[in-house]
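Subject: A structure for you to look at

Hi,

Here is the structure I said I would pass on. Have a look at it first, then read my notes below.

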Amino acid sequence: MEQIFVDKMTAGCQELGITLSERQLEQFYQYYEMLAEWNQVMNLTAITELEDVVSKHFLDSLALVKAGIPLNGCRAIDVGTGAGFPGIPLKIAFPGLQVTLLDSLNKRIQFLKEVCGALGLSQVEMIHGRAEDFGRNPKYREQYDLCVSRAVANTATLSEYCLPFVKTGGFFLPYKSGKIDEELADGTKAIESLGGSIEEVVRFQLTGADADRSLVKIRKTAKTPKKYPRKAGVPSKEPIRG
C-alpha cells in the first residue's frame with residue numbers, strides 16, 4: 001500500500017469517527033487497484049487518481065455516518081451502484097452491514113462480483129436490472145432498513161426508484177451536491193406520495209476536496225402505494241410533481 005493512501009484514508013476516516021483495521025485499509029487499496037485496472041477496459045469512473053478516489057469515492061461514500069444511522073446489522077440496498085459506490089466502501093468499513101448492489105449494466109455487476117470475491121466480502125448480493133422492476137418484486141419491495149444512492153437523477157425520480165425498497169420506519173438517503181434546496185422543493189410531492197418524509201438535510205464539506213455535499217435523510221413513514229414505481233423509463237421522463 002502506498003503511504004499517501006494510508007495517510008489520507010486514515011485521516012479522512014478519523015474525521016468521520018471511523019477506525020479502520022490494517023485489513024480494511026488493505027481491502028480499500030485492493031478495491032482502488034481493481035477499479036484502476038478495470039477502468040482501462042470499461043468505463044467505471046472518470047475519477048482515477050489515487051487521492052481523488054480516496055476523497056471523492058471512498059470518503060464521500062463513508063460520509064453517510066453523518067446521518068447517524070447505525071449500520072452494523074442493517075439491511076441496505078444501493079440503487080444504481082455503478083462501480084460500487086457507496087455500497088462497497090460502507091460494507092468494508094461496516095462488515096456487519098448486509099448489502100444489495102443494484103445496477104442496470106451487467107458488466108458493472110461482473111466487476112462488483114470480482115471485487116467482492118477478491119476482497120472476501122460476504123453478505124453482498126449483486127443484481128442486474130432496473131430499479132422500477134425490482135421495486136415491484138415482493139422479494140425486494142419494502143424489505144430494506146436503508147436505501148442509498150449516489151446515482152445522478154433528480155430527487156423526484158430517484159425517490160420513485162428507491163423508496164419502494166424501504167420498509168416503513170426505514171430510511172432513504174440520496175447523496176447530493178451542496179445546492180439542493182430547489183431540487184428538494186420540486187421533489188417533496190414525490191417523496192410524500194411514495195410514503196416518505198424529509199427528516200433533515202445533512203450538509204458538509206467533502207474531506208480532501210473542495211466540494212459541498214448534502215445527505216437527504218428521508219424516513220419511510222407509510223407504505224408505498226401499489227401503483228409505484230411506474231414502469232421502466234416513466235419516472236425519469238415524467239417525475240411525480242405537485
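Which residues of α2 are buried? They are Q24, L25, Q27, F28, Y29, Y31, Y32, M34 and L35. Buried here means under 20% relative accessible area, exposed means over 50%, and partly exposed is in between, with a 1.4 Å probe and protein chains only. Helices (H or I, at least four residues) and strands (E, at least two) are DSSP runs, numbered from the N terminus.

Before going on, a word on where this comes from: it is a predicted model, in which local features need pLDDT of at least 70 and side-chain atom pairs count only at pLDDT 80 or more, while totals for chains, interfaces and linings use all residues. Residues are numbered from 1 along each chain as its sequence is written, and side-chain values use heavy atoms, with hydrogens and water left out.

Back to α2. This helix has 17 residues and spans 24 Å from first C-alpha to last, close to the 24 Å expected at 1.5 Å a residue; the expected span is 1.5 Å times one less than the number of residues. Its buried residues are covered by elements including α1 (3–16), α3 (50–62), α4 (87–93) and α5 (106–119).

Now the cores. A nonpolar core is a set of buried Ala, Val, Leu, Ile, Met, Phe, Trp, Tyr and Cys residues joined through side-chain atoms within 4.5 Å. The largest one has 56 residues, and M9, F58 and L146 have the most contacts inside it. Helix α2 (residues 22–38) gives the largest share of this core, seven residues. If you skip neighbours within four places in sequence, M9 is in contact (heavy atoms within 4.5 Å) with L20, L25, F28, V54, F58 and L59. There is also a second, separate core of 26 residues, with V79, L102, A156 and V166 among them.

Next, the pockets. On a 1 Å grid over the protein atoms alone, a pocket is an open set of points where a 1.4 Å probe fits, with protein on both sides within 12 Å along at least five of seven lines; lining residues have an atom within 4 Å of a point. The largest pocket has a volume of about 540 Å³. Of its 24 lining residues, G80, T81, G82, D103 and A151 are the closest to the centre. At least two lining residues each come from β2 (98–103), α6 (131–134) and α7 (155–162).

The second largest pocket holds about 170 Å³ of space. Its lining is R150, A151, V152, Y175, K176, S177, E183 and R213, and strand β5 (residues 166–177) gives the largest share, three residues.

Most residues other than glycine have a negative phi, and most peptide bonds are trans. Here, the bond from F85 to P86 is cis, with omega near 10°, and P86 sits in the loop between β1 (75–79) and α4. The bond from Y228 to P229 is also cis, with omega near -5°; P229 is in the loop between β7 (212–220) and α9 (234–237).

Q123 lies in the loop between α5 and β3 (124–128) and is partly exposed, at 48% relative accessibility. E142 lies in the loop between α6 and β4 (144–149) and is buried, at 14%.

Cheers

Definitions and conventions
Grid points are joined across faces, edges and corners, and a volume is the space filled by probe spheres set on the points.
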